[in-house]
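Please read it beside the sequence and the model.

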Amino acid sequence: MHQEAQRIFSKAGQQGFHLALGGQILREYLAVATRPAEANGLGLPVPEAVANVERFLEFANLFEESEAVALRLRELAKNFDVRGPHIHDANIVATMLVHHIPLLVTQNSKDFIGFGTIKTLAIDDIQYS
C-alpha cells in the first residue's frame, strides 16, 4: 500500500483534509521499517527510517499521548473488555477520541469495529476529486 500512502500524503492538503499521527503510529512504523525484510519488515537502516518519520511530520500533525489519552485507554479497556494486542488498537482509538479525530485510514477496519465511536476508511477507498 506504499503508493496509496504516498498519494494520501501528497494530496491531503489539496483535498482539504489534515493528517494526524500519534506516537504509537510512529513507533509501529519504526519497528516495521527497521525490522529485517525476511521478518516481514522493510529492512531500512535506522537513519533512513527516522528520516522518513521526519518527512511524515512535515505533512501530518503529531498528537500527544497525554494522561487524558491514558485515562481514555483504561476506560476503553474496561468498557469493551479489550485484551492482548487489541490494547494497541484501543490506544489509537483513545488518542483519536481525546483529540477529536473522527476518521482512521486503515487496512484493518475490523480491529476497530467494537469501539463504535470512530469511522474507518480503507486506504484504497479514498476518493480524490
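**Salt bridges and their surroundings**

R55 has a relative accessible area of 45% and is therefore partly exposed. The model is a predicted one. It holds 6 salt bridges, among them the pairs R55 with E58, R72 with E75 and E65 with R27.

**Within helix α3: R55 and E58**

- The side chains of R55 and E58 form a salt bridge, with an N to O distance of 2.8 Å.
- Both residues belong to helix α3 and are 3 residues apart, about one turn of the helix.
- E58 has a relative accessible area of 56%, so E58 is exposed, while R55, at 45%, is partly exposed.

**Within helix α4: R72 and E75**

- R72 and E75 are joined by a salt bridge whose closest N and O atoms are 3.5 Å apart.
- Helix α4 carries both R72 and E75, at a spacing of 3 residues, about one turn of the helix.
- R72 is partly exposed because its relative accessible area is 28%.
- E75 also counts as partly exposed, its relative accessibility being 33%.

- A salt bridge connects the side chains of E65 and R27, at 3.3 Å from N to O.
- E65 counts as partly exposed because its relative accessibility is 34%.
- R27, with a relative accessibility of 47%, is likewise partly exposed.

**A charged residue without a salt bridge: D89**

- D89 is part of helix α5, which spans residues 86-98.
- D89 is buried and takes part in no salt bridge.
- The nearest side chain of opposite charge is that of K110, 7.8 Å away; a salt bridge would need the side-chain nitrogen within 4 Å of a carboxyl oxygen.
- Apart from residues up to four places away in sequence, D89 touches Q24, D111, F112 and F115.

**Packing of helices α2 and α3**

- Two packed helices are described by the angle between their axes and the distance between the axes.
- Helix α2 (residues 23-34) packs with helix α3 (residues 46-59) at an angle of about 145 degrees, and the axes are 9 Å apart.
- The crossing of α2 and α3 is right-handed.
- On the α2 side, L26, Y29, L30, A33 and T34 take part in the contact.
- On the α3 side, the partners are V46, A49, V50, N52, V53, F56 and L57.
- By residue class, the contact of α2 with α3 comprises 10 nonpolar residues, 2 polar residues and no charged ones.

**Strand β4: L121**

- L121 lies in strand β4, which covers residues 119-121.
- L121 counts as partly exposed because its relative accessibility is 25%; the buried class ends under 20%.
- With neighbours within four places in sequence left aside, L121 is in contact with L103, L104, V105, T106, S109 and I126.
- The C-alpha atoms of L121 and N108 are 9.2 Å apart, and the two residues are 13 residues apart along the chain.

Methods. Residues numbered from 1 in each chain as written. Predicted model: local features only at pLDDT ≥ 70, side-chain atom pairs only at ≥ 80, totals over all residues. Heavy atoms only, no water. Helix = DSSP H or I, 4+ residues; strand = E, 2+ residues; numbered from the N terminus. Buried < 20%, exposed > 50% of the residue type's maximum accessible area, 1.4 Å probe, protein only. Lys, Arg positive; Asp, Glu negative; His and termini not counted. Contact = heavy atoms within 4.5 Å. Axes fitted to C-alpha atoms, helices over the stretch in contact; angles between N-to-C directions. Left-handed = near helix turned anticlockwise from the far one by under 90°. Nonpolar A, V, L, I, M, F, W, Y, C, P; charged D, E, K, R; others polar.
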